[in-house]
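Okay, let's get started, I'd like to walk you through one model today. We'll talk about rings and charges.

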Amino acid sequence: MKTSRRQFIRNSALAVSGTGLISLPAVEAIAGQRRYVSPNAKLQIGVIGCNGMGWSDLRSHLLQSDVQCVALADVDQSVLDKRSVDVEKMQGTRPQLFKDYRKMLENKTLDAVIIGTPDHWHCMALIDSLSAGKHVYCEKPLANSIEECNLMLAAAKRYNKIIQIGQWQRSGSHYEKAIDYVRSGKLGNIRLVKVWAYQGWMMPVPVKPDSAPPAGVDYDMWLGPAPKRPFNPNRFHFNFRWFWDYAGGLMTDWGVHEIDIALYAMNAKAPKSVMASGGKLAYPDDASETPDTLQAVYEYDGFNMLWEHATGIDGGNYGRTEGIAFIGNNATLVLDRGGWALHPETETKNGIKVYKVDDVPDQARNGDYLNEHTKNFVQAIKDNNPAMLKCGIETGSIAAINAHMGNIAYKTGRKVYWDAAAGNFKNDPQANTIMKANYHNGWKLPVM
């Protein structure tokens with residue numbers, strides 16, 4: 001039996017909204033689950049950017065008895081105050097608080113840092129943390145430009161620390177089984193891989209006037225290297241994702257998760273070409289900048305990959321709001337956060353229609369993959385073994401760079417061609433300019 005729509009909706013409730021937020025237990029519930037050990041055995045961890053996924057990541061880390069949060073850094077004092085109380089409920093002690101993460105990094109006893117800032121801060125925060133001798137768990141996408149991704153890779157090689165990227169689907173057991181099936185050859189020749197995110201929960205972002213920053217917010221520090229602009233509530237906290245200054249919209253926010261699994265299963269890294277079309281077709285007059293509707297076609301050796309996203313619609317491919325479909329001559333394997341299913345092709349033998357491959361029962365999700373992902377990070381630090389990471393920085397860079405290529409093709413309005421050896425676009429000055437990072441307000445791009 002194939003998964004019913006009702007079963008799918010129940011399974012999909014494991015994923016929250018379009019940013020990949022995980023459904024975690026309440027702080028009070030977590031406090032009762034923690035097992036305390038000697039403080040000397042604990043990994044001393046800090047957080048840069050304590051809202052949204054930064055907080056979800058910290059909660060997951062603190063489920064481990066050998067992790068202790070000793071410091072929080074955030075430009076918003078109200079966030080610091082709230083998270084300080086939350087952390088105390090979970091571990092019994094309050095962390096130190098910092099408005100400037102660079103002061104936090106001066107703490108010599110700090111072992112590792114979680115980076116949960118908006119995307120435009122990932123590069124600076126990661127390289128500063130590495131240079132201060134810290135291991136890093138960095139939220140996805142790795143960076144807000146291809147140039148920053150390359151700089152972060154260079155920094156990782158230079159400082160030789162443990163770096164996990166928050167593409168937690170890599171720690172999912174049902175994803176691993178699906179990838180094994182794809183690589184088994186049973187699907188036959190795979191000519192097309194579809195990846196998509198249809199996000200019905202996303203309503204228009206209402207236009208709001210500029211205003212003074214909220215009390216306790218260091219807005220200049222929040223902007224950092226982004227262009228100087230008056231404060232606007234639409235650009236702050238969660239909605240930063242829909243503005244080019246700070247992020248890449250659904251293409252990078254959701255795309256890195258799905259593209260990562262698709263390319264990993266297909267043993268592919270860089271496309272030969274990309275073309276994209278879309279725009280603000282659902283909500284043309286709302287405040288956001290990034291496209292609410294987009295299709296991007298990637299050409300790899302032997303197959304194409306089609307990315308699709310749309311806001312305000314849940315009716316995605318195969319009845320799934322998000323997912324990946326590996327379309328082969330013998331069968332199609334459809335995979336999402338709830339599980340995976342096989343859709344065999346048929347053929348006629350002796351007048352009887354039969355499946356080309358044996359069908360398999362639908363496979364369901366098993367466990368909380370964010371927790372598995374953070375456990376993997378902590379264990380890799382203990383073992384001093386980056387090879388055991390489920391999603392190291394190179395993996396994160398592949399997903400982010402491919403996602404940024406989709407946005408670059410959209411912005412140029414034409415097909416762009418990638419030169420993997422040179423690390424840039426072929427005969428395309430405009431595309432090569434867009435792949436660069438442009439820092440402002442006196443902030444300088446790190447030099448490796």
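**Rings and charges**

So, the charged end of Arg183 sits over the ring of Tyr264, 4.4 Å from the ring centre. By "over a ring" I mean that NZ of Lys or CZ of Arg is within 6 Å of the ring centre and within 35 degrees of the ring normal. Lys411 does this too, lying over the face of Trp244 at 4.0 Å from the ring centre.

Quick housekeeping: this is a predicted model, where local features need pLDDT of at least 70, side-chain atom pairs count only at pLDDT 80 or more, and totals for chains, interfaces and linings use all residues. Residues are numbered from 1 along each chain as its sequence is written, and side-chain values use heavy atoms, with hydrogens and water left out.

On to ring against ring: there are 16 aromatic pairs. Rings of Phe, Tyr and Trp (its six-membered ring) pair if their centres lie within 6.5 Å; planes under 30 degrees apart are stacked, over 60 edge-to-face, and the rest tilted. Take Tyr137 and Phe377: their ring centres are 5.7 Å apart and the planes at 70 degrees, so that's edge-to-face. This pair links distant parts of the chain, with Tyr137 in strand β7 and Phe377 in helix α12, 240 residues apart. Helices (H or I, at least four residues) and strands (E, at least two) are DSSP runs, numbered from the N terminus. Tyr137 is buried at 0% relative accessible area, and Phe377 is buried at 0% as well; buried means under 20%, exposed over 50%, partly exposed in between, with a 1.4 Å probe and protein chains only.
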